[in-house]
Amino acid sequence: MLIDSHCHLEYEGLVEDQQGVLARARAAGVGGFLNISTRQSGWARVVATATRESDVWASVGIHPHEADAHADLGEGALLAATEHSRVIGIGETGLDYYYDKSDRQVQQALFRMHIRVARQTGLPLIIHTREADEDTAAILTEEMEKGAFPALIHCFTASAGFARAVLDLGLSISLSGIVTFKNARDLQDIATQLPADRLLVETDSPFLAPVPHRGKTCEPAFVADTAAFVAGLRGEAVETLSETTTRNFHALFQKAAA
C-alpha cells in the first residue's frame with residue numbers, strides 16, 4: 001500500500017471528479033491521502049472530505065503565497081482547527097522567494113507561528129520552500145533550539161547540503177514526481193542517499209505529474225509511478241519502498257495511525 005502524503009483534492013482538476021480520482025488511486029494501490037490546505041477559507045472543505053472518506057486525512061495551514069492575506073491570522077485560530085479528529089498535520093507553510101507573492105517578512109512570521117502550533121500540538125509541520133533554503137534552514141534551526149517539533153520538507157527540490165541540514169534537525173523529506181524528470185539528476189542522486197526511515201512520497205496533485213504522465217493533470221494514483229521510479233533509483237523492490245514510506249508516514253503523522 002502507498003500513501004500520497006501531499007495532494008490537493010479540493011483544487012481545480014481534481015475536485016470536479018473527486019470520487020473518480022480517489023477510485024483510480026485506490027485501484028493503483030494507494031491506501032491513504034493527506035489532503036492539504038493552503039488558505040483558511042479552504043479548511044472546512046479539506047476537513048469535510050477527510051471526514052467523509054475514511055482513507056483521507058486533512059491538514060490546516062497557510063501557504064506562503066497566501067501569507068499577505070492572512071497576516072492577522074491568530075495562533076488561536078490555527079490551534080482550534082487542529083483539534084478536529086481528521087486533522088493530522090499543519091501546513092502547508094514555509095517560504096517562497098521564487099514567486100514572492102507575499103511579503104517575505106510576513107511569510108517568515110506566519111512560518112514561525114505555524115512552528116509554534118506544531119510544537120504545542122505535536123502535529124507535524126508540512127513545509128514548502130522554494131528559493132529560500134538559507135532562511136528556511138535558519139528559521140528551523142532557531143526554532144528547534146526553542147523546543148523540538150516534527151516536520152517534513154514536502155516536494156523536495158533543494159540541494160544536497162540543504163537535505164543534510166534538515167535531516168540533521170530530525171526532519172523527513174517527501175519526493176514528488178519532479179524526481180522522475182529528465183533534468184532532475186541532482187535530485188535523483190539525493191534520492192539514492194536519503195535515509196530509509198525519513199523518506200515519503202507524494203504527488204502534490206493536481207501539479208507536477210510524473211513521467212510517463214507529463215503534461216496531464218496530476219492525480220494521486222500517479223504516486224505509484226513516482227514510487228516505482230524512486231525504488232529503481234535506490235535498487236529496491238517497489239513493494240519494499242511502498243512499505244517503508246507508508247510506515248514512515250504513520251510514524252510521522254501519528255494521529256493518523258491512532
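Reply: Gladly, and keep in mind that this is a predicted model. Let's start inside. I62, H63, P64, A67, T93, G94, Q107, L110 and F111 line the largest cavity.

Me: How does one find such a space, and what is the volume of the largest cavity?

Reply: Rolling a probe the size of a water molecule over the atoms shows where empty space is left. Here the largest cavity comes to about 30 Å³. Searching the whole structure turns up one cavity of 30 Å³ or more.

Me: Which element gives the most to the lining of that cavity?

Reply: That is α4, with three residues. Both β4 and α4 supply at least two residues of the lining. By class, the cavity lining splits into five nonpolar, four polar and no charged residues.

Me: Let's stay with α4. How do I check a helix's length, and which of its residues are buried?

Reply: For the length, compare an expected span with the distance between the ends. Helix α4 covers residues 104–121, and at 1.5 Å a residue its 18 residues should span 26 Å; the end C-alpha atoms are 26 Å apart, so the two agree. As for burial, the list is V106, Q107, Q108, L110, F111, M113, H114, I115, V117 and A118. Their cover includes α3 (75–81), β4, β5 and α5 (133–146).

Me: Now the open spaces. What volume does the largest pocket have, and which residues lie nearest its centre?

Reply: The largest pocket holds about 800 Å³ of space. Its lining has 32 residues, and H128, R130, C155, D204 and L208 lie nearest the centre. The elements giving two or more residues to this lining are β4 (87–96), β5 (125–130) and α7 (185–193). Of the elements, α7 gives the most, with four residues.

Me: How do the lining residues of the pocket divide by class?

Reply: There are 11 nonpolar, 10 polar and 11 charged residues in the pocket lining.

Me: How do I tell whether the buried residues of α7 line one face?

Reply: List the buried residues, then look down the helix axis. In α7 the buried ones are L187, Q188, I190 and A191. Viewed along the axis, they fall within an arc of 160 degrees, so they line one face of the helix. On the face turned away from that buried side sit the exposed residues R185, D186 and Q193. The buried residues of α7 pack against α6 (160–168), β7 (172–175) and α8 (223–234).

Me: Next, the backbone. What is the phi of C155, and is C155 buried or exposed?

Reply: C155 is not a glycine, and its phi is positive, near 50 degrees. C155 is found in the loop between β6 (151–153) and α6, and it counts as buried because its relative accessibility is 12%. D204 is another non-glycine residue with a positive phi, about 55 degrees. The loop between β8 and α8 holds D204, which is buried at a relative accessible area of 10%. C155 and D204 are both among the residues nearest the centre of the largest pocket.

Me: And cis peptide bonds: where is the one that joins S205 to its neighbour?

Reply: Look at omega. The bond between S205 and P206 is cis, with omega about 15 degrees. P206 is in the loop between β8 (199–201) and α8. A cis bond also runs from V211 to P212, with omega near 15 degrees. P212, too, lies in the loop between β8 and α8.

Terms used. Residues are numbered from 1 along each chain as its sequence is written. This is a predicted model: local features need pLDDT of at least 70, side-chain atom pairs count only at pLDDT 80 or more; totals for chains, interfaces and linings use all residues. Side-chain values use heavy atoms; hydrogens and water are left out. On a 1 Å grid over the protein atoms alone, a cavity is a set of points where a 1.4 Å probe fits but cannot get out, and a pocket is an open set with protein on both sides within 12 Å along at least five of seven lines; lining residues have an atom within 4 Å of a point. Grid points are joined across faces, edges and corners, and a volume is the space filled by probe spheres set on the points. Ala, Val, Leu, Ile, Met, Phe, Trp, Tyr, Cys and Pro count as nonpolar, Asp, Glu, Lys and Arg as charged, and the others, Gly among them, as polar. Buried means under 20% relative accessible area, exposed over 50%, partly exposed in between (1.4 Å probe, protein chains only). The arc is that of the directions from the helix axis to the C-beta atoms. Contact means heavy atoms within 4.5 Å. The expected span of a helix is 1.5 Å times one less than its number of residues.
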